[in-house]
Amino acid sequence: MKKIPFVTKEQVEEIVKTYPTPFHIYDEKGIRENAKAVKEAFAWNKGFREYFAVKATPNPYILKILKDYDFGCDCSSYTELMLAKSCGFDGEHIMFSSNETPAEEYAYANKLNAIINLDDITHIDFLEEIVGTLPETMSCRFNPGGVFELSNGIMDNPGDSKYGMTREQIVEAYKILKSKGVRKFGIHAFLASNTVTNEYYPELAAQLFELIVEIQKETGCDFDFVNLSGGVGIPYTPDKEPNDIRAIGEGVRKAYEKIIVPAGLDGLKIYAEMGRFMLGPYGALVTKAIHEKHIYKEYIGVDACAANLMRPAMYGSYHHVTVLGKENAEATEVYDVVGSLCENNDKFAIDRKLPKIDMGDYIYIHDTGAHGFAMGYHYNGRLLSAELLLQEDGSVKLIRRAETPADYFATFDCFEDIKITE
Ligand SMILES: *Cc1c(COP(=O)(O)O)cnc(C)c1O
């Protein structure tokens, strides 16, 4: 599908008068329409809730938009819990799906009455020691091992992943939790990442539904919810079609009617923890071409770098690039579009066919709304950019200011003998 930026060159020329490049910008209209579609797709399930994976886009303004749809937050660290709480989420609107969890984080999650999702059987004792009495509702994370396959091939490799419990362990965990007074149970699994197919959630749901029917018989545990977690993907490349959330919701419904209803477990809630699908396409990194270099290849140097968007450097991920104002120009050149880090993997695009780029052109890097800004880092003393929100009325709001050198040096502020100045 043709990828079209949600801002024009003219809009960016206005925006940079106040907020210079580089910046991440989010499309409120797109976020809201998608959130509504997710809600509608699962409206057949009375207890459905999406717990937005905070790690994807940890910005309070974004979380508050999603709160309008009665979504919750999926957190996995102390600061993510703080962020969720500060935006007014609490109790059953917070899912704490963490792993290798420090004691103080469990204590805090418990204080907020978050739903705690245990990554390992050994965490039962660990948690009990911290909180005394276990919460009434608890969840466990499942890892079936092996490979996860759909009709179009192997999607991922749970047998190689550090998360979750084996089938034997999870049954044992539910028995122990029940014996310790837990009354309502959830199950969680994340078996494949960035799946661009409508089959993933339905297949995962079917596997988890069958499993809880068995476990319910074996243990007598009452299951309150099935948490399908994240993994619903987006097409980063223009040759792929986006997932159809309605088809995904219907697929999960079919599995529910086939497995859950006949087992007499109707009333089971479906939960999700999507990050990428909720925000990915509705964010972009806007940067400016500031250098062109002709050596053995053609390079365009921009004012953003991998510190602003790590995915290409870290995973070799493709992010589509549009030269604003040249949307319909012929792609006559082949460029590497690169940032300024002293790291040769700092390349937003490699051997990319693009229209001729002139210095000062604005480069729009697509699909950075999830796991984009959030993965930012400070190598080479590079600073994190601003985040902007393109509001529904077309106006632009600053939702995180750009870092300054003072932010970078802030962790030296407790030392009397060090003062860093220009
Ligand atoms: C990362 C993560 C998510 C979100 O994953 P997406 O691929 O962004 O949807 C959800 N749940 C857990 C536990 C995660 O670690």
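## Burial and surface

Of the 422 residues in the protein chain, 53% are buried. This holds for a predicted model. The accessible surface of the chain amounts to about 19200 Å², and carbon and sulfur atoms account for 49% of that area.

## Overall fold and dimensions

The protein chain contains 12 helices and 19 strands. Its C-alpha trace extends over about 70 × 60 × 45 Å along the principal axes. The radius of gyration is 23 Å, which agrees with the value near 22 Å that a compact globule of 422 residues would have.

Contacts within the chain can also be described by separation in sequence. Among those between residues at least 6 apart, 69% join residues that are at least 24 apart.

## Charged side chains

The protein chain carries 64 negative and 45 positive side chains. The centres of these two sets are 3 Å apart.

## The annotated lysine

Lys55 is located in the loop between β2 (49–53) and α3 (60–67).

When residues up to four places away in sequence are not counted, Lys55 touches Glu80, His371 and Ala374.

Definitions and conventions
Residues numbered from 1 in each chain as written. Predicted model: local features only at pLDDT ≥ 70, side-chain atom pairs only at ≥ 80, totals over all residues. Heavy atoms only, no water. Helix = DSSP H or I, 4+ residues; strand = E, 2+ residues; numbered from the N terminus. Rg over C-alpha atoms; globule rule 2.2 N^0.38 Å. Buried < 20%, exposed > 50% of the residue type's maximum accessible area, 1.4 Å probe, protein only. Contact = heavy atoms within 4.5 Å. Areas by Shrake-Rupley, 256 points an atom, 1.4 Å probe, with all protein chains shown as cover. Lys, Arg positive; Asp, Glu negative; His and termini not counted. Charge placed at Lys NZ, Arg CZ, Asp CG, Glu CD.
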